[in-house]
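I opened a new model today and kept notes as I went. The entries follow the order in which I looked things up.

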Amino acid sequence: MTNGELHDILDDENKKISLKEFRDVIYKVINSCASELGKEKNIMARQFYNGEINALYIALDLSEHIEEVD
């Protein structure tokens, strides 16, 4: 997911997404971070991307406990 695609959602205060859409966005951001991690040689940057990916997986795990209201 590009920054532009993510900000299309984040910058629109009226935009609502479903739980499924939330999970899809998180998976796409994880894939983007993993792609950057694969390219990165700097250890500090690699640790940053590893931390980002870990946090996103925690968000996905937590999302399984959300009760979606119709």
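**Entry 1: the pocket**

I began with the lining of the largest pocket, where helix 2 gives the largest share, four residues. Helices here, like strands, are DSSP runs numbered from the N terminus (H or I, at least four residues, for a helix; E, at least two, for a strand). A note on the source: this is a predicted model, local features need pLDDT of at least 70, side-chain atom pairs count only at pLDDT 80 or more, and totals for chains, interfaces and linings use all residues. Residues are numbered from 1 along each chain as its sequence is written, and side-chain values use heavy atoms, with hydrogens and water left out.

Which residues line the largest pocket? I listed L6, I9, L10, I17, F22, V25, I26 and V29. Helix 1 (3–10) and helix 2 (19–39) each supply at least two residues of that lining. I then sorted the lining by type and got eight nonpolar residues, no polar and no charged.

The volume of the largest pocket is about 150 Å³. I noted the pocket rule: on a 1 Å grid over the protein atoms alone, a pocket is an open set of points where a 1.4 Å probe fits, with protein on both sides within 12 Å along at least five of seven lines, and lining residues have an atom within 4 Å of a point. Points are joined across faces, edges and corners, and the volume is the space filled by probe spheres set on them.

**Entry 2: the chain**

I counted three helices and zero strands. From the N terminus the order is α-α-α. The C-alpha trace spans about 45 × 25 × 15 Å along its principal axes. Of the 70 residues, 19% count as buried. Buried means under 20% relative accessible area, exposed over 50%, and partly exposed in between (1.4 Å probe, protein chains only).

Next I checked confidence. The chain has a mean pLDDT of 92, and 99% of its residues reach 70 or more; pLDDT is the predictor's confidence in each residue, from 0 to 100.

**Entry 3: salt bridges**

How many salt bridges does the structure hold? I found two, taking a salt bridge as a side-chain nitrogen of Lys or Arg within 4 Å of a carboxyl oxygen of Asp or Glu.

One joins the side chains of K20 and D24, at 2.9 Å from N to O. K20 and D24 are four residues apart in helix 2, so about one helical turn separates them. K20 is exposed at 54% relative accessibility. D24 is partly exposed at 33%.

The side chains of E36 and K39 also meet in a salt bridge, at 3.3 Å from N to O. Both residues lie in helix 2, three residues apart, about one turn of the helix. E36 is partly exposed at 31%, whereas K39 is exposed at 56%.

**Entry 4: aromatic rings**

I searched the whole structure and found one aromatic pair. The rings of F48 and Y49 have centres 5.3 Å apart and planes at 75°, so the pair is edge-to-face. The rule: rings of Phe, Tyr and Trp (its six-membered ring) pair if their centres lie within 6.5 Å; planes under 30 degrees apart are stacked, over 60 edge-to-face, and the rest tilted.

Are the two partners buried or exposed? F48 is partly exposed at 48%. Y49 counts as buried because its relative accessibility is 18%.

**Entry 5: distances**

I went back to D24, in helix 2, and took C-alpha distances. D24 and L60 are 36 residues apart in sequence and 9.6 Å apart in space. L60 is in helix 3 and is buried at 6% relative accessibility. From L60 to D8, 52 residues apart along the chain, the C-alpha separation is 21 Å.

N3 is in helix 1. N3 is exposed, at 61%.

Notes
Nonpolar A, V, L, I, M, F, W, Y, C, P; charged D, E, K, R; others polar.
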